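Hello,

Here is the structure I promised to pass on to you. Have a look at it first, and then read on for what I found in it.

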Amino acid sequence: MEKSWTCLKYLMFLSNSLIFAGGICLLGVGIWVTTNPNGFKNIVAANPLIYTGAYIILSVGVILFFLGFLGCWGAIRESKQLLMTFLLLILIIFILELVAAVLALVFRKQVGAITRNKNAYFSAICSRLWSTKYQHSHLYLDTKGLLFKRIADEI
């Protein structure tokens, strides 16, 4: 019985360490996007609302970082209080997801209209960015078939 609890403890530590690592990655991306928006200038210029997504990524990263740390620490120390806090936070997140799913089901027509409009909008932006960047270039194989060369339409 002791070996199964030890195995469970280390499996919980491993899964929470993956959550912790994911939180660190999201936190890093969120900080990078909010502090250096120059890399995303074309995307943000098309729709400034996308910039708020960086703050959402940042907040989700902080939550995952905290939950992963709490779960790892509680599993290693075998602390009942830490594990109950972890369970309570996971339960709250699950209930919020359940409420969001019910609301999406109740208001599915409005959600469908919003997603259709957003999909059309983003596909138009992507096609416009693609066409303006790559409309004047082609790739072809040279005579030996070893190298790709890029030429412009004007040549």
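Let me begin with one residue. Leaving aside residues up to four places away in sequence, Gly-74 touches Ser-79, Leu-82 and Leu-83, where a contact means heavy atoms within 4.5 Å. Gly-74 lies in helix H3. It is buried, with a relative accessible area of 0%; buried means under 20% relative accessible area, exposed over 50%, and partly exposed in between, with a 1.4 Å probe and protein chains only. Residues are numbered from 1 along each chain as its sequence is written, and side-chain values use heavy atoms, with hydrogens and water left out.

**The chain as a whole**

The protein chain has five helices and two strands, and along the sequence they follow the pattern α-α-α-α-α-β-β. Helices (H or I, at least four residues) and strands (E, at least two) are DSSP runs, numbered from the N terminus. Of the 155 residues in the protein chain, 15% are buried. The accessible surface of the protein chain is about 12,100 Å², and carbon and sulfur atoms account for 73% of it; such areas come from the Shrake-Rupley method with a 1.4 Å probe, and for residues only the protein chains shown count as cover. If you take the contacts between residues at least 6 apart in sequence, 51% join residues at least 24 apart.

The mean pLDDT of the protein chain is 75, and 63% of its residues reach 70 or more; pLDDT is the predictor's confidence in each residue, from 0 to 100. Over residues 133-155 pLDDT stays under 50, and the model has 23 contacts beyond four places in sequence for them. Where pLDDT is low, the predicted coordinates should not be read in detail.

**Asn-16 and Gly-71**

Which residues does Asn-16 touch, not counting residues up to four places away in sequence? They are Leu-67, Gly-68, Gly-71, Cys-72 and Phe-86. Asn-16 lies in helix H1 and counts as buried because its relative accessibility is 2%.

Gly-71 is found in helix H3, and its 0% relative accessibility makes it buried too. With residues up to four places away again left out, Gly-71 touches Asn-16, Leu-83 and Phe-86. Gly-71 and Phe-86 are 15 residues apart in sequence, and their C-alpha atoms are 6.1 Å apart in space.

**The end of H3 and what follows**

Arg-77 is in helix H3 and is exposed, with a relative accessible area of 53%. Its C-alpha atom is separated by 9.5 Å from that of Lys-9, which is 68 residues away along the chain.

Glu-78 is found in the loop between H3 and helix H4 (80-106), and at 56% relative accessibility it counts as exposed. Glu-78 also has a positive phi of about 55° although it is not a glycine. Most residues other than glycine have a negative phi.

**The largest pocket**

How much space lies in the largest pocket? About 270 Å³. On a 1 Å grid over the protein atoms alone, a pocket is an open set of points with protein on both sides within 12 Å along at least five of seven lines, whereas a cavity is a set of points where a 1.4 Å probe fits but cannot get out; lining residues have an atom within 4 Å of a point. Grid points are joined across faces, edges and corners, and the volume is the space filled by probe spheres set on the points.

Glu-2, Trp-5, Thr-6, Leu-8, Lys-9, Met-12, Gly-74, Ala-75, Glu-78 and Leu-83 line the largest pocket. Helix H1 (2-35) and helix H3 (51-77) each supply at least two residues of this lining, and H1 gives the most, with six residues. The lining divides into five nonpolar, two polar and three charged residues. Here Ala, Val, Leu, Ile, Met, Phe, Trp, Tyr, Cys and Pro count as nonpolar, Asp, Glu, Lys and Arg as charged, and the others, Gly among them, as polar.

Definitions and conventions. This is a predicted model: local features need pLDDT of at least 70, side-chain atom pairs count only at pLDDT 80 or more; totals for chains, interfaces and linings use all residues.
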